Amino acid sequence: MNGGITVVKIGGNVIDNPEALAAFIDDFSKISGPKILIHGGGKEATRLSARLGIKTRMEGGRRVTDRETLDIVTMIYAGLINKRIVAMLQAAGCDAVGMCGADGNSITATRRKPAPVDYGYVGDIDPAAVNADLIGKLLDMHLTPVFCAINHDGKGGLLNCNADTVASSVATACSRIGSTDLIFCFEKAGVLRDINDGNSVIRNISPATYPALISEGIIDGGMLPKIDNALKAVGEGVRSVTIKSSAGLLADSGTRISK
C-alpha cells in the first residue's frame with residue numbers, strides 16, 4: 001500500500017443534517033490517497049422504529065437489537081443511508097463502493113454474550129477478523145469502501161455493531177497494510193470539557209487522563225465507546241486518532257487520542 005490510509009467515521013447527527021452531510025462529503029472527497037468511510041445512522045433507525053411502534057432500548061450508549069430492530073437497522077444502515085452516501089460521493093467525484101461486513105467476507109463479528117446485559121443481535125469485532133487484504137485490493141483499485149455497522153457472523157446471520165467499533169477495527173486492520181490515521185467526525189468541535197461551551201475542546205486524551213474525565217462526568221453516554229475504541233486503536237498500531245467536527249475535517253483541530 002503506497003501512502004497512508006485515512007479512515008473516517010461519520011456520526012448520525014451529521015447524517016441527519018443535509019447541509020452538514022453535503023459539506024462533509026465535499027471535504028471527504030478532497031482527502032488525498034487511499035481512504036475509507038464508516039458511517040452510523042442511529043437516529044434514522046430510531047425514527048423508523050418509532051413509526052413502526054417498536055421501542056428503542058439503549059444500554060451504556062449502545063442499542064439493544066432484538067430481531068425486529070435488526071431488520072430495521074439493516075434496512076437503514078446497509079440500505080438507505082449507505083447507498084445515499086455512496087451516491088453523494090459519486091457525485092463529488094469519489095468512486096465509492098457501499099458495503100456491509102458480509103460483502104466480500106470483509107468483517108466477521110461474534111455475537112456478544114448475554115451477560116451482564118443481553119444486547120440481542122449485537123456483534124463484537126476482532127480486528128483480526130477484518131479482511132484487510134480485500135480492503136487493500138479495493139484501495140489499490142482507487143475505490144473508496146463505505147462501510148455501515150452491519151456485519152455477519154460467518155454462519156448466515158447478521159449482527160448490528162457499534163459504528164465506532166467498526167471504524168477502530170477497520171483502522172487497526174488497515175495498519176497491517178499501511179500507516180493508518182483514524183478520524184471520528186461528529187457535530188461537535190471535539191470532546192468538550194463543558195458540553196454547553198463549544199470552545200472547551202479537550203486537546204488530548206490519554207489512558208492516564210481518561211479515568212478522571214469519566215469520574216468527573218465530563219465523558220459519559222455515547223462518547224464512552226468512542227473514546228474506548230480510539231484508545232484501543234492507538235494501542236494496537238493505528239498511527240493517530242482524532243475526534244473532531246465534520247466541518248473541520250480538513251483542519252488541524254479536535255481532540256487527539258494518544259498512548
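Let's start with helix α2, residues 18-29, and helix α4, residues 67-91: they pack at an angle of about 55 degrees, with their axes 9 Å apart. That makes α2 oblique to α4. The crossing is right-handed. Bear in mind that this is a predicted model.

Who touches whom? From α2, we have L21, A22, I25 and F28; they meet I85, M88 and L89 of α4. By class, that contact is seven nonpolar residues, no polar and no charged.

Next pair. Helix α6 covers residues 163-174, and helix α8 covers 223-235. Here the angle is about 5 degrees, and the axes are 9 Å apart. Angles under 35 degrees count as roughly parallel, so α6 is roughly parallel to α8. On the α6 side the contact uses D164, T165, S168 and T172; on the α8 side, K226, N229 and A233. The class count for α6 with α8 is one nonpolar, four polar and two charged residues.

Now helix α5, residues 132-140. Which of its residues are buried? A132, I135, G136, L138 and L139. They sit on the same side of α5, because they cover an arc of only 160 degrees around the axis. Turn to the face away from that buried side, and you find the exposed residues D133, K137 and D140.

What do the buried residues of α5 pack against? Five strands are on the list by name: β1 (5-10), β2 (35-39), β5 (96-99), β7 (123-130) and β8 (144-147). Helix α6 is there too.

Just after α5, H142 takes a positive phi of about 65 degrees.

Methods
Residues numbered from 1 in each chain as written. Predicted model: local features only at pLDDT ≥ 70, side-chain atom pairs only at ≥ 80, totals over all residues. Heavy atoms only, no water. Axes fitted to C-alpha atoms, helices over the stretch in contact; angles between N-to-C directions. Helix = DSSP H or I, 4+ residues; strand = E, 2+ residues; numbered from the N terminus. Parallel < 35°, antiparallel > 145°, perpendicular 65-115°, else oblique. Contact = heavy atoms within 4.5 Å. Nonpolar A, V, L, I, M, F, W, Y, C, P; charged D, E, K, R; others polar. Buried < 20%, exposed > 50% of the residue type's maximum accessible area, 1.4 Å probe, protein only. Arc of directions from axis to C-beta. Left-handed = near helix turned anticlockwise from the far one by under 90°.
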